[in-house]
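Hi everyone, thanks for coming. Let me put the model up on the screen, and then we can walk through it together.

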Amino acid sequence: QLDGIVTNLATIVSNTPDPDTSNNEASADTQIVAASANVDITKSVLPNEVLAGNAVEYWLSVHNTGPSPAYDVIIQDTMPFSGEVQGVSVSHGAGSCTIEGPVLPGVFCQIGTLPADGWVLVHISAAVSKSQPGGEVVNTGYVSWLQPSGTSGEDQSSVGTDVIPAEAILFADELVDPGEVVAGDEIAFGI
């Protein structure tokens, strides 16, 4: 049954004559809503600006607004920079995640069934490679699921992070006077 109203009609009959037949019938309407799941993903990041070589953390919040369960829920996220995923966790003990890579580091999470009004939170900790060029990188997380009817659904959410390129910086904390030096002599300095 698709969306719509179903009317249930009941009628009473008897072999005994009824002086009032106006109350021998009653009906009730029921609103039918098709079984479906509506799954949303929202992504966030800290920090919004990261120095190449340092860590960044992503959170993917996935919520099924229903009204039906979502089946075979999969969450995927590939890092938009060179580096490595250091860890991944899922809230509520729902499902499991594996780290993918090393060419394109990312995560693949199998959540299974997500009930109506159910949600999961995936936390990803990743290190940006020191050789990552500077500029904004955009990370997109994806969720896919099966409807009760067997058709598929998907959603995505993106967030940007500014990568500051790592540079070699040399600091000297004191100056040393080597005294008098003759050309060709060796001098040793400690840093």
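Let's start with a question: is Cys 109 buried or exposed? Cys 109 is buried, with a relative accessible area of 0%. By buried I mean under 20% relative accessible area, with exposed meaning over 50% and partly exposed in between, using a 1.4 Å probe and protein chains only.

Before going on, a word about what you are looking at. This is a predicted model, where local features need pLDDT of at least 70, side-chain atom pairs count only at pLDDT 80 or more, and totals for chains, interfaces and linings use all residues. Residues are numbered from 1 along each chain as its sequence is written, and side-chain values use heavy atoms, with hydrogens and water left out.

Back to that cysteine. Cys 109 is joined to Cys 97 by a disulfide, with an S to S distance of 2.0 Å; the cut-off for calling a disulfide is a pair of cysteine sulfur atoms within 2.5 Å. The two partners come from distant parts of the chain, 12 residues apart, with Cys 97 in strand S8 (residues 96–100) and Cys 109 in strand S9. When I say strand, I mean a DSSP run of E with at least two residues, numbered from the N terminus. The link between Cys 97 and Cys 109 is right-handed, with 105° about the S-S bond. A search of the whole structure finds one disulfide.

Now for the sheet. Four strands make an open sheet in the order S3-S5-S10-S7, with antiparallel pairing. Strand S3 (39–46) and strand S7 (83–90) are at the edges with a single partner strand each, so one side of each has no neighbour in the sheet. On average, neighbouring strands here are turned by 20° against each other, direction ignored; the axes behind that angle are lines fitted to C-alpha atoms. For two strands to count as paired, DSSP has to find at least two bridges between them.

Let's look at strand S10, residues 119–128. How many of the residues of S10 are buried? Seven of its 10 are, which leaves S10 mostly covered. S10 pairs with S5 in the antiparallel sense over nine bridges, and one of the bridge partners is Ala 126 in S10 for Val 56. With S7, S10 pairs over seven bridges, also antiparallel. There, Val 88 has Ile 124 of S10 as its bridge partner, and Ser 89 has His 123.

Finally, some backbone details. Most residues other than glycine have a negative phi, and most peptide bonds are trans. The peptide bond from Leu 46 to Pro 47 is cis, with omega near -10°, and Pro 47 sits in the loop between S3 and strand S4 (49–51). The bond from Gly 66 to Pro 67 is also cis, with omega near 15°; Pro 67 is in the loop between strand S5 (55–64) and strand S6 (70–78).

As for positive phi, Asp 72 in strand S6 has a value near 50°. Asp 117 has phi near 65° and lies in the loop between strand S9 (106–114) and S10. With 57% relative accessibility, Asp 117 counts as exposed.

Conventions. Axes fitted to C-alpha atoms, helices over the stretch in contact; angles between N-to-C directions.
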